[in-house]
2 protein chains.
Amino acid sequence: MSDHEKPGRDDLDDLITRFFDGDKKALARVITLVEDFPDKAREIIRKIHAHRGNTYVIGITGVLGSGKSSLVTKLTQRIRARGKTVGIISIDPASPFSGGAFLGDRVRMKELFLDSGVFIRSSSARGRIGGMSKATDDMVIVFDAFGKDFVIIETVGAGQSEVGISNIANTTVVVFVPGLGDSIQAQKAGIVEIGDVLVVNKADLEGADSLAVLLEQMLDSYTRQTGWRPPVVLTSAKDDEGIEEFLDEVLRHRNHIELSGILERKKKDRIAQRLQDIVEDLARDFIVESIGGFEGFGKLVDKVHSGGIDPYSAADEIKDHVIDRVRGDDEG
Amino acid sequence: MSDHEKPGRDDLDDLITRFFDGDKKALARVITLVEDFPDKAREIIRKIHAHRGNTYVIGITGVLGSGKSSLVTKLTQRIRARGKTVGIISIDPASPFSGGAFLGDRVRMKELFLDSGVFIRSSSARGRIGGMSKATDDMVIVFDAFGKDFVIIETVGAGQSEVGISNIANTTVVVFVPGLGDSIQAQKAGIVEIGDVLVVNKADLEGADSLAVLLEQMLDSYTRQTGWRPPVVLTSAKDDEGIEEFLDEVLRHRNHIELSGILERKKKDRIAQRLQDIVEDLARDFIVESIGGFEGFGKLVDKVHSGGIDPYSAADEIKDHVIDRVRGDDEG
């Protein structure tokens, strides 16, 4: 992105004013800045953080082809029908929300795009492993300060990568479909560890009931310490069936974690992790800058390549250089 | 793992001696230590790094159900038939190498387990996003010092996560199968960016030829700067067909990057990244330790939670504490 797309401080104040006036274009711009410009993210979050409300974050994950996007669409419609507003963050590159998938899917979602109570943001997931972005926490804060009642994060699940979403989401939904046996095996650990609500979507397909039974059996063999047994809900997003029950189960889970104090603990754990991440990012920036200005770095790389020094001893030399710079900053 | 599983220094010297004698049990133990005990990894890599040979690293990635493991088995047999030794690192939780998948797959691989020129290591991928481990570089060094001619890394591909393997592998193979159209769409960017050799496996299935044509068309629309156009190879691992051609294409790519100097540049880039990663890990350890000893941390978390301070300002306070500790170490 070119530099003149980054607004100056005055522009930013104006933008934030429009943001708090409920201007959707300002929201879109703020989200872009938060996602793409870390330094702007710092400034923006500083300005809006105190205006957070009580946004509830629902994470929806599942393999490709499980119909997550249709499910998000139908769930959003039910939430809207109850008078609540929704922000959607899609981090699934194959999702119609993200411009992937087929035109047909996007057309089906048109009604959602036209609802002023819904804001959809596709996150490009570029440079991110597993699809979860470091900016996602900040995006949730933005939606929260804007006044959204719910944020739904849609992400594609693959092996261990669902772990990311369960850290951010207050309720994590794992979506399954009949006929993808392999992926269930692969996701077995993840299912019982992260799913607060399990959904068998495309329940009109053969094998849906036996899949639900299989999931219940998996849940039987796993003891949770929180007193919550994840319900298994059958839905057919395409036919708009089971969605009301699905939303009810999500809200039942919300009620459970709110009353038990789990939600507050979860939020604090997430904040603690986020603070550590920010400090680590600052350290990383400093290290990258230090290496960039370290004349001996190229020689060390060559020496490791030729076998003259091992990577750990070479890294110790770089570490010493970085520490010298930290101490040197003291004098400056 | 309990603490007494960690050997002392004397045991380690003995272990390394047996390792250099070609003891496979010592190899297995060294790999475990490198993967699970970062402090032991440092010591071991320091001792064996100078004994590296010229291991060539082949990365094989593809979606679940693409038959990667069978392909790895057959490819390994062809490499063995040419008199070379192989180390396999499997980071795919659904792979029979990793104890996943079905008994039948594992039985089919029995012949590989019995070959003393092949060493298979399943990497648990626990706590790792996208499946690639920070220890993988060290594991390659271990196989290299042990004298393996080839290391094959098998990992499940999902969206952006293939990027990890292409950084470590010298030749990256992306495996496709007919009938999984969605995943090709999702992986489109990854295919042209990271695949050095593209394989259409299960070529006996309907749609294999048109999939190969589709891949060629994707390649047409993408200009590489290296002068290498990834070949598309049709294989049927199950029937042991196309494997010889597959190996030939891998070796042709090896030849190309060796002669053009790309391999050396790639290796140096990887070393530079690895050095930076190690320094970042050291910084992270220091930060975690500093936060653990920072009495004000819990209060800062509460303050962010209640809205009294934003995360970035709170992180700045933690950063100041960490910097004080770095400077304090100066005096100690």
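Ala212(A) is a residue of helix H10 of chain A, which spans residues 208-220. In this predicted model, Ala212(A) counts as partly exposed, because it has 19 C-beta neighbours inside 10 Å. Leaving aside residues up to four places away in sequence, Ala212(A) touches Val200(A), Val232(A) and Leu234(A). Ala212(A) and Ile153(A) are 59 residues apart in sequence, and their C-alpha atoms lie 24 Å apart in space.

**Overall composition and confidence**

Chain A contains 14 helices and seven strands. Of the 332 residues in chain A, 46% are buried. Among contacts in this chain between residues at least 6 apart in sequence, 74% join residues at least 24 apart.

The chain is divided into domain 1 (1-50), domain 2 (52-259) and domain 3 (270-331). Where domain 2 and domain 3 of chain A meet, each contributes four residues to the contact. On the domain 2 side, the residues that touch domain 3 comprise one nonpolar, one polar and two charged.

The model as a whole scores ipTM 0.86 and pTM 0.78. For chain A the average pLDDT is 85, and 81% of the residues score at least 70. Confidence in chain A is lowest in helix H5 (residues 103-108), with a mean of 58, and highest in H11(A), at 97. Over residues 126-131 of chain A, pLDDT stays under 50; the model has 19 contacts beyond four places in sequence for this stretch.

**The sheet of chain A**

Strand pairing in general rests on backbone hydrogen bonds, in either a parallel or an antiparallel sense.

| Strand pair | Sense | Bridges | A facing pair of residues |
|---|---|---|---|
| E2(A) and E3(A) | parallel | five | Val86(A) and Val118(A) |
| E2(A) and E4(A) | parallel | five | Ile89(A) and Ile153(A) |
| E6(A) and E7(A) | parallel | three | Val200(A) and Leu234(A) |

Strand E2 of chain A is mostly covered, with five of its five residues buried. Both of its faces are covered: Val86(A), Ile88(A) and Ser90(A) lie on one side, Gly87(A) and Ile89(A) lie on the other, and all are buried. Ile89(A) stands opposite Ile153(A) in E4(A), and Ile153(A) is the residue whose C-alpha atom lies 24 Å from that of Ala212(A).

At E7(A), Leu234(A) stands opposite Val200(A). Both of these residues are among those that Ala212(A) touches.

**Residues with positive phi**

Most residues other than glycine have a negative phi. Asp240(A), which is not a glycine, has a positive phi of about 60 degrees. Its place is in the loop between strand E7 (232-234) and helix H11 (243-259) of chain A. Is Asp240(A) buried, exposed or partly exposed? Asp240(A) is partly exposed, because 14 other C-beta atoms lie within 10 Å.

In chain B, Lys202(B) also is a residue other than glycine with a positive phi, near 55 degrees. Lys202(B) lies in the loop between strand E6 (197-200) and helix H10 (208-220) of chain B. Lys202(B) counts as buried, because it has 24 C-beta neighbours inside 10 Å.

**A helical residue of chain B**

Asp269(B) belongs to helix H12 (residues 262-292) of chain B. Asp269(B) counts as exposed, because it has 12 C-beta neighbours inside 10 Å. Along the chain, Asp269(B) and Asp149(B) are 120 residues apart, and their C-alpha atoms are separated by 22 Å.

Conventions: Residues are numbered from 1 along each chain as its sequence is written. Chains are lettered from A and ligands numbered from 1 in the order in which they are written. This is a predicted model: local features need pLDDT of at least 70, side-chain atom pairs count only at pLDDT 80 or more; totals for chains, interfaces and linings use all residues. Helices (H or I, at least four residues) and strands (E, at least two) are DSSP runs, numbered from the N terminus. A residue is buried if 20 or more other C-beta atoms lie within 10 Å of its own, exposed if 12 or fewer, and partly exposed in between; C-beta atoms are placed from the backbone. Two residues are in contact if their C-beta atoms, placed from the backbone, lie within 7 Å. Domain bounds come from an automatic or database domain assignment. Ala, Val, Leu, Ile, Met, Phe, Trp, Tyr, Cys and Pro count as nonpolar, Asp, Glu, Lys and Arg as charged, and the others, Gly among them, as polar. pLDDT is the predictor's confidence in each residue, from 0 to 100. Two strands pair if DSSP finds at least two bridges between them.
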